[in-house]
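This report goes through a single protein chain, from its overall makeup to individual side chains. Please keep the sequence and the coordinates at hand while reading.

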Amino acid sequence: MLKAVISPQKQKLEVLPQAIEEWMDAIRTYEKRKDASGKRTAIPDEIKTAALEAMLPQDLESHVQLNQSRFNTFDDLLEEINRYVEHKTGKSLKIVSAASALANQNALGDPMDVSSDRKSVV
C-alpha cells in the first residue's frame, strides 16, 4: 500500500483529477492504519509532494518545478495543480474545492460566535 502512495504512475492531464483523488484516498487509508506500537503514521508533506510531482504529465511537472518557490506547503502545490488542470481541461479536483471551502469557513470564523477575541472596528 505504501508503494502505491509514494510512487504513483504518471498520468495524462485528462485523467489527472480522478487519479489525484484516488491517490489522496489511498493516503488517507494508509494514514488511518496503526503500526505495531498502535500509532498512526502520517506521510510527510515532502514525500507527498515528490510523489504528486511524479504523477504529473511532463508539461505540468516542469511548470511545478520551475515555480517551486511559490509553494510553501503541499496544499499550495495541490491548489496550483488544480488551477492548471481547470484552466487546461475545465475539470477541477473535488478535494481542493472541499479543502478551500473548509479553509475559507475557518478563516471567517463562526459569525454567530460572540465569544471570539476578534476586535470590532468602530
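## Model and confidence

This is a predicted model, in which local features need pLDDT of at least 70 and side-chain atom pairs count only at pLDDT 80 or more, while totals for chains, interfaces and linings use all residues. Residues are numbered from 1 along each chain as its sequence is written, and side-chain values use heavy atoms, with hydrogens and water left out.

The average pLDDT (the predictor's confidence in each residue, from 0 to 100) of the protein chain is 82, and 77% of the residues score at least 70. Where pLDDT is low, the predicted coordinates should not be read in detail.

## Overall fold

The protein chain has six helices and zero strands, giving the pattern α-α-α-α-α-α along the sequence. These elements are DSSP runs numbered from the N terminus: helices are H or I with at least four residues, strands E with at least two.

Of the 122 residues, 30% are buried. Buried means under 20% relative accessible area, exposed means over 50%, and partly exposed lies in between, using a 1.4 Å probe and protein chains only. Among contacts with a separation of 6 or more, 59% are between residues 24 or more positions apart.

## The nonpolar core

A nonpolar core is a set of buried Ala, Val, Leu, Ile, Met, Phe, Trp, Tyr and Cys residues joined through side-chain atoms within 4.5 Å. The largest one here has 24 residues, and L16, I20, W23, L52, L60 and I81 touch the most other members. Two or more residues come from each of α2 (16-32), α3 (45-55), α4 (58-66) and α5 (74-89). The most come from α2, which gives seven.

Leaving aside residues up to four places away in sequence, W23 touches A4, V5, P8, K48, A51, L52, M55 and F74. In soluble globular proteins, nonpolar side chains tend to be buried together.

Which residues of α4 are buried? They are L60, E61 and V64. They lie on the same side of α4 because they cover an arc of only 100° around the axis, the arc being that of the directions from the helix axis to the C-beta atoms. Q58 and L66, on the other side of α4, are exposed. The cover over the buried residues of α4 includes α2, α3 and α5.

E53 belongs to helix α3. E53 is buried yet has no salt bridge, and the nearest side chain of opposite charge, K10, is 9.1 Å away. Beyond four places in sequence, E53 touches K10, E61, V64, Q65, Q68 and L77.

T49, also placed in helix α3, counts as buried at 19% relative accessibility. Beyond four places in sequence, T49 touches F74 and L77. P44 lies in the loop between α2 and α3 and is partly exposed, with a relative accessible area of 38%. P44 and F74 are 30 residues apart in sequence, with their C-alpha atoms 9.5 Å apart.

## Salt bridges

A salt bridge is a side-chain nitrogen of Lys or Arg within 4 Å of a carboxyl oxygen of Asp or Glu; by this rule there are five. One joins D25 and R28 at 2.3 Å, N to O. These two residues are three apart in helix α2, so about one helical turn separates them. D25 is partly exposed at 39%, and R28 is partly exposed at 37%. Another joins D45 and K48 at 3.5 Å, N to O, three residues or about one turn apart in helix α3. D45 is partly exposed at 37%, whereas K48 is buried at 13%.

R70 pairs with E80, the closest N and O atoms being 3.0 Å apart. Because R70 lies in the loop between α4 and α5 and E80 in helix α5, this pair ties together parts that are 10 residues apart in sequence. R70 is partly exposed at 45%, while E80 is buried at 8%. R70, E80 and R83 are linked in a network of salt bridges.

Note on methods:
Contact means heavy atoms within 4.5 Å. Lys and Arg count as positive and Asp and Glu as negative; His and the chain ends are not counted.
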